[in-house]
Amino acid sequence: MSKTRKILIYSAVALVFIVSLIANTPAWVMGSMLGHYSGNRVSTINEQGSFWNGTALLQANDKVGKKVVPIIMIGWQIKFGFKKFVTVNLTASNQTIAAVSLTKNGIAVNNVNLALSLDQLTPFMGNLNTLNLSGSVRLSADNLLIGKKMQGSVNLTLNNVGSGISPINPIGSYQVSVDLASQALDVSTTDANSVISVTGSGSTNSLTLNSKVQPDKKEQLLQFMTMMGIPQADGSYQLKAI
């Protein structure tokens with residue numbers, strides 16, 4: 001056997017080995033990437049399949065890693081392209097919940113549509129956890145860009161929010177918006193009939209909420225509101241949320 005032929009055979013074997021190794025990259029690698037890019041605020045367990053086509057249970061982690069809450073079972077499929085070098089389609093219950101693409105400008109995120117319960121987000125809620133909140137949450141976003149230039153906004157719709165320590169429930173429905181470019185965070189009340197109206201403007205590093213109670217509910221909610229924040233001269237209450 002000639003030297004050239006030996007080199008070709010060894011090269012072919014090495015190529016097959018490398019391709020097989022890449023094709024069989026385990027699913028937990030996806031979880032490691034999610035953890036890295038989220039600052040370890042998101043992780044996965046029970047990974048199945050491969051890095052290219054797999055499933056896992058998505059979890060939320062608090063800042064110190066002591067509290068971990070299961071969020072949702074997700075699936076993913078990775079595809080390659082030209083303008084979008086890599087596209088990851090995320091699904092839950094056979095429905096698309098997000099499409100994430102690697103482009104020349106950074107990471108593009110589209111078609112975000114995820115329904116959760118408020119108690120699944122407790123690792124992200126900071127001081128608000130003292131209120132033992134419940135309710136439904138819808139996370140939506142489109143045309144997000146994450147890179148040197150950040151753009152787009154993420155919206156959280158909180159419906160029928162209740163509190164385990166409030167004598168009246170639900171207390172209201174609210175909207176939370178985060179602007180990626182400025183890191184600005186805004187909170188507003190979406191239902192005029194909310195027992196407690198909440199507003200606030202700040203950032204992802206600092207947010208103070210101002211709340212007011214419907215006049216005919218003030219006496220019933222006096223103790224709850226005192227626990228919720230510091231009384232202000234205009235009758236509202238102020239709470240340092242972040």
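Guide: We can begin with a single residue, valine 161. In this predicted model, valine 161 has a relative accessible area of 4%. The cut-off for buried is under 20%, so valine 161 counts as buried.

Visitor: In which strand is valine 161 found, and which residues is valine 161 in contact with, leaving aside its neighbours within four places in sequence?

Guide: Valine 161 is found in strand β10. Leaving aside neighbours within four places in sequence, the contacts of valine 161 are Leu118, Leu133, Ser134, Gly135, Pro170, Ile171, Gly172 and Tyr174.

Visitor: Proline 170 is in that list. What kind of peptide bond joins asparagine 169 and proline 170?

Guide: Proline 170 has its place in the loop between β10 (153–163) and β11 (172–179). Most peptide bonds are trans. For the bond between asparagine 169 and proline 170, omega is about -5°, and the bond is cis.

Visitor: Now to strand β11. Is aspartate 179 buried, exposed or partly exposed?

Guide: Aspartate 179 is found in strand β11. Its contacts, leaving aside neighbours within four places in sequence, are Gly152, Ser153 and Ala184. Buried needs a value under 20% and exposed one over 50%. Aspartate 179 has a relative accessible area of 30%, so the class is partly exposed.

Visitor: How far apart are the C-alpha atoms of aspartate 179 and serine 203?

Guide: Along the chain, aspartate 179 and serine 203 are 24 residues apart.

Visitor: Next, helix α2. Which residues of α2 are buried, and why are they on the same side of α2?

Guide: Helix α2 covers residues 28–37, and its buried residues are Met30, Gly31 and Gly35. They lie on the same side of α2 because they cover an arc of only 140° around the axis. An α-helix has 3.6 residues a turn, so residues three or four places apart point the same way. On the other side of α2, the exposed residues are His36 and Tyr37.

Visitor: Which strands do the buried residues of α2 pack against?

Guide: Packing here rests on contact, that is, heavy atoms within 4.5 Å. By that rule the buried residues of α2 pack against β1 (42–49), β3 (68–80) and β4 (86–92).

Visitor: What is the phi of asparagine 40?

Guide: Just after α2, glycine 39 takes a positive phi of about 70°. Most residues other than glycine have a negative phi. Asparagine 40, in the loop between α2 and β1, is a residue other than glycine and has a positive phi, near 65°.

Visitor: Is asparagine 40 buried or exposed?

Guide: The cut-off for exposed is over 50%. Asparagine 40 has a relative accessible area of 56%, so asparagine 40 is exposed.

Visitor: Where is serine 93 found, and what is its phi?

Guide: Serine 93 is found in the loop between β4 and β5 (95–103). With 69% relative accessibility, serine 93 is exposed. Serine 93 is a residue other than glycine with a positive phi, near 55°.

Visitor: Which residues does asparagine 89 touch, not counting residues up to four places away in sequence?

Guide: Asparagine 89 has its place in strand β4. Its relative accessibility is 24%, so asparagine 89 counts as partly exposed. Not counting residues up to four places away in sequence, asparagine 89 touches Gly75, Trp76, Gln77, Lys79, Ala98 and Ala99.

Visitor: How far apart in space are asparagine 105 and methionine 228?

Guide: Asparagine 105 is found in the loop between β5 and β6 (106–110). In sequence, asparagine 105 and methionine 228 are 123 residues apart. In space, C-alpha to C-alpha, the value is 43 Å.

Visitor: And the whole protein: what is its radius of gyration?

Guide: The protein has three helices and 16 strands. Its C-alpha trace spans about 95 × 35 × 30 Å along the principal axes. A compact globule of 242 residues would have a radius of gyration near 18 Å, but the protein has 23 Å.

Visitor: How much of the protein counts as buried?

Guide: The accessible surface comes to about 14400 Å², and 58% of this belongs to carbon and sulfur atoms. Of the 242 residues, the part that counts as buried is 38%.

Conventions
Residues numbered from 1 in each chain as written. Predicted model: local features only at pLDDT ≥ 70, side-chain atom pairs only at ≥ 80, totals over all residues. Heavy atoms only, no water. Helix = DSSP H or I, 4+ residues; strand = E, 2+ residues; numbered from the N terminus. Rg over C-alpha atoms; globule rule 2.2 N^0.38 Å. Buried < 20%, exposed > 50% of the residue type's maximum accessible area, 1.4 Å probe, protein only. Areas by Shrake-Rupley, 256 points an atom, 1.4 Å probe, with all protein chains shown as cover. Arc of directions from axis to C-beta.
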